[in-house]
Amino acid sequence: MAGIELKSSAFNDGSFIPRRYAKEGEDVSPELTWSGVPDAAAELVLLCEDPDAPSGTFVHWLVTGIDPTSDGVAAGQTPPGGQERRNGYGGSGWGGPNPPAGDRAHRYFFRLYALPGPVSLPDGATAADVHAAVDERRLADGTLVGLYQR
C-alpha cells in the first residue's frame with residue numbers, strides 16, 4: 001500500500017502541539033499538508049483521535065468527502081470539499097486537545113485515508129467506526145502524531 005505524507009507547519013511528527021490549537025487556547029485546527037495521494041482516490045477522509053483519553057479513544061476531528069486532488073488545509077479551515085462530522089465533544093468540526101490536567105502527554109493521531117469511493121459512516125461515528133469503514137478499502141494513508149499535556 002502506498003503512503004501519504006502528512007505534515008503540519010504547526011508541529012513536527014512526535015512533537016508537542018502548540019496551545020493555540022487546544023481547547024484552552026484558540027481551539028483552531030492546525031494547518032495540514034499532504035502529498036502522495038493515489039490517482040485512483042475518489043475521496044479523502046481525515047480523522048484526529050486521542051487513544052489516551054480516559055473514556056476510550058476520543059474523536060477530535062472527522063472530515064469525510066475531502067477532494068482527493070487537494071493538498072492541504074489552512075489552520076482553522078475545513079479541508080476542500082470536506083464535510084465536518086461530529087466530534088467527541090458533541091459539536092461538528094475541530095475540537096482541540098484537552099487532556100485531564102496532570103495526565104502524561106496524550107497522543108493525537110491525525111490520519112488521512114485515500115479511498116476509491118465515498119465512505120458511509122453513522123452520525124456520531126467513533127474512531128472504531130472509521131477504522132472499520134476504511135481499513136479494508138483504503139488505497140493509501142498517512143499519519144502525523146502530535147502530543148499535548150496540561
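How exposed is Lys 7, and what is the relative accessible area of Lys 7? In this predicted model, Lys 7 is partly exposed, with a relative accessible area of 44%.

**Pairs with partly exposed residues**

The structure holds seven salt bridges. One of them joins the side chains of Lys 7 and Glu 5, with an N to O distance of 3.8 Å. Glu 5 is also partly exposed, at a relative accessible area of 45%. Another salt bridge brings together the side chains of Lys 23 and Asp 27, at 3.3 Å from N to O. Here Lys 23 has a relative accessible area of 33% and is partly exposed. Asp 27, at 22% relative accessibility, falls in the partly exposed class too, since buried means under 20%.

| Salt bridge | N to O distance |
|---|---|
| Glu 5 and Lys 7 | 3.8 Å |
| Asp 27 and Lys 23 | 3.3 Å |
| Arg 111 and Glu 49 | 2.6 Å |

**A buried pair**

Now for the last row of the table. Arg 111 and Glu 49 form a salt bridge whose closest N and O atoms are 2.6 Å apart. Because Arg 111 sits in strand β9 (residues 106-115) and Glu 49 in strand β5 (residues 43-50), this pair ties together parts that are 62 residues apart in sequence. Both Arg 111 and Glu 49 are buried.

**A network**

Salt bridges can also be followed through a linked group here: Asp 135, Arg 138 and Asp 141 are connected in a network of them.

Methods:
Residues are numbered from 1 along each chain as its sequence is written. This is a predicted model: local features need pLDDT of at least 70, side-chain atom pairs count only at pLDDT 80 or more; totals for chains, interfaces and linings use all residues. Side-chain values use heavy atoms; hydrogens and water are left out. A salt bridge is a side-chain nitrogen of Lys or Arg within 4 Å of a carboxyl oxygen of Asp or Glu. Buried means under 20% relative accessible area, exposed over 50%, partly exposed in between (1.4 Å probe, protein chains only). Helices (H or I, at least four residues) and strands (E, at least two) are DSSP runs, numbered from the N terminus.
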